Amino acid sequence: SDETHCVFMWTIEKYLIECEKYMEERGYKRHCRFIWDKTNGVAPAFTVRYSHEYLIWYYKPKLLKISKDQRGKFMTIFSEKAREHSRKPDYAYNMIDKLYPNCNKIDVFSREKRNGWSQFGDEINYF
């Protein structure tokens, strides 16, 4: 389709390469990776503490222009304490809302209701 799409995809270190390959195979280009410093984390295999996740910004065929008044306001690294399992940071939703205030937004595997978003998942009312 000729329609322009922006996708913000969450992944963890273990699946970073697989995620990027998956999106590339579908014709998406990566704009940037955000790193969420969760300020805590788990230490699997008793090696290092994994305390971050990636939010990767993809687009096709071209990048949608962001709201002019938001240029340069968001950084690629942000800190927000992790909460319940799989609950994503408010920072990310706030950023997307401000970058694209007039665009349709879809949240797959939602954990809580958000105004202005089409949401899917069996835990939308979890919080």
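**Entry: confidence**
I began by reminding myself that this is a predicted model. The chain averages a pLDDT of 91, and 94% of its residues reach 70 or more. Then I went through the elements: S4 has the highest mean pLDDT, at 98, while strand S6 (residues 117-120) has the lowest, at 90.

**Entry: the positive patch**
Which residues form a positive surface patch? I found Lys62, Lys65, Lys68 and Arg71. I picked out Lys65 and traced it to the loop that runs between strand S3 (50-60) and strand S4 (77-79). Its relative accessibility is 76%, so I logged Lys65 as exposed, since exposed means over 50%.

**Entry: the nonpolar patch**
Next I looked for nonpolar side chains on the surface. Ile106, Val108, Phe109 and Phe120 make a nonpolar patch of about 480 Å². Ile106 belongs to strand S5 (residues 105-108). Is Ile106 buried or exposed? I have it down as exposed, because its relative accessible area is 57%.

**Entry: Gly121**
My last stop was Gly121, in the segment after S6. I marked Gly121 as partly exposed because its relative accessibility is 36%, and that class lies between under 20% for buried and over 50% for exposed. I also checked Gly121 against Lys98: they sit 23 residues apart in sequence, and their C-alpha atoms are 24 Å apart in space.

Definitions and conventions. Residues numbered from 1 in each chain as written. Predicted model: local features only at pLDDT ≥ 70, side-chain atom pairs only at ≥ 80, totals over all residues. Heavy atoms only, no water. Patch = residues over 30% accessible without salt bridge, like charges linked within 9 Å, V, L, I, M, F, W, Y side chains within 5 Å. Areas by Shrake-Rupley, 256 points an atom, 1.4 Å probe, with all protein chains shown as cover. Salt bridge = Lys/Arg side-chain N within 4 Å of Asp/Glu carboxyl O. Lys, Arg positive; Asp, Glu negative; His and termini not counted. Charge placed at Lys NZ, Arg CZ, Asp CG, Glu CD. Helix = DSSP H or I, 4+ residues; strand = E, 2+ residues; numbered from the N terminus. Buried < 20%, exposed > 50% of the residue type's maximum accessible area, 1.4 Å probe, protein only. pLDDT = per-residue confidence, 0-100.
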